Amino acid sequence: MKLRHLALASILIAGPLTAERAPKALVEAELINAEGTQVGTARIYNRQDGSVLEVEAHGLPPGPHGLHLHMVGQCQGPEFASAGAHLNPEGHEHGIDNPLGSHLGDLPNVTAGADGRIKATIRTPMRPFKLVSTLMDGDGTAIVLHAAPDDYRTDPSGNSGARIACGVFARD
């Protein structure tokens, strides 16, 4: 099994952290929509088995959505183009399924239920404090939710469509 498949295998989408075992977030982002209304949060936690990204959002179109880390910690609506391209410090092409490797910013799709809510926990392959130092570089990092699902292979963004929600990571 190639390394890229091992990284994909380490990604887990599950339910949210429970209150009794929820540690303090290392970094947090408030997700806003194109109108500037807060629609959710994204938090990164340190667990014994690595970094965990928890995303909770509401008021979204039902169905799957691409989710990515973007290079610049800015979320100027309504298009959120200020967030720049995907976070890609090693210069890879896009896509978890790309044979040449993937961006650090490539995350699995998340799905909003019929009620427009998303609750997802995504395990990342990077050690927590290395991930946080990468996210909190000089210009910060944004997390962006897209209108369509990511196809996991098309460079540069997986054909994931418009940016519909955005948040800037900050230390809690």
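Guide: The side chains of His68 and Asp150 are joined by a polar contact of 2.6 Å; such a contact is a pair of N or O atoms within 3.5 Å, and within protein one must be able to donate a hydrogen and the other to accept it, while residues adjacent in sequence count only if both atoms are side-chain atoms. This is a predicted model, in which local features need pLDDT of at least 70, side-chain atom pairs count only at pLDDT 80 or more, and totals for chains, interfaces and linings use all residues. Residues are numbered from 1 along each chain as its sequence is written, and side-chain values use heavy atoms, leaving out hydrogens and water.

Visitor: Is His68 buried or exposed?
Guide: His68 counts as buried because its relative accessibility is 0% (buried: under 20% relative accessible area, with a 1.4 Å probe and protein chains only). His68 lies in strand β6, residues 67-70 (strands are DSSP runs of E, at least two residues, numbered from the N terminus).

Visitor: Turning to β2, why is it largely enclosed?
Guide: Five of the seven residues of β2 (residues 27-33) are buried, so the rest of the structure largely encloses this strand.

Visitor: How does β2 pair with β3?
Guide: β2 and β3 (residues 38-47) are antiparallel, with six bridges; pairing requires at least two bridges found by DSSP. Glu28 has Arg43 as its bridge partner in β3.

Visitor: And where does Ile32 stand?
Guide: Ile32 is opposite Cys166 in β10.

Conventions
Helix = DSSP H or I, 4+ residues; strand = E, 2+ residues; numbered from the N terminus. Buried < 20%, exposed > 50% of the residue type's maximum accessible area, 1.4 Å probe, protein only.
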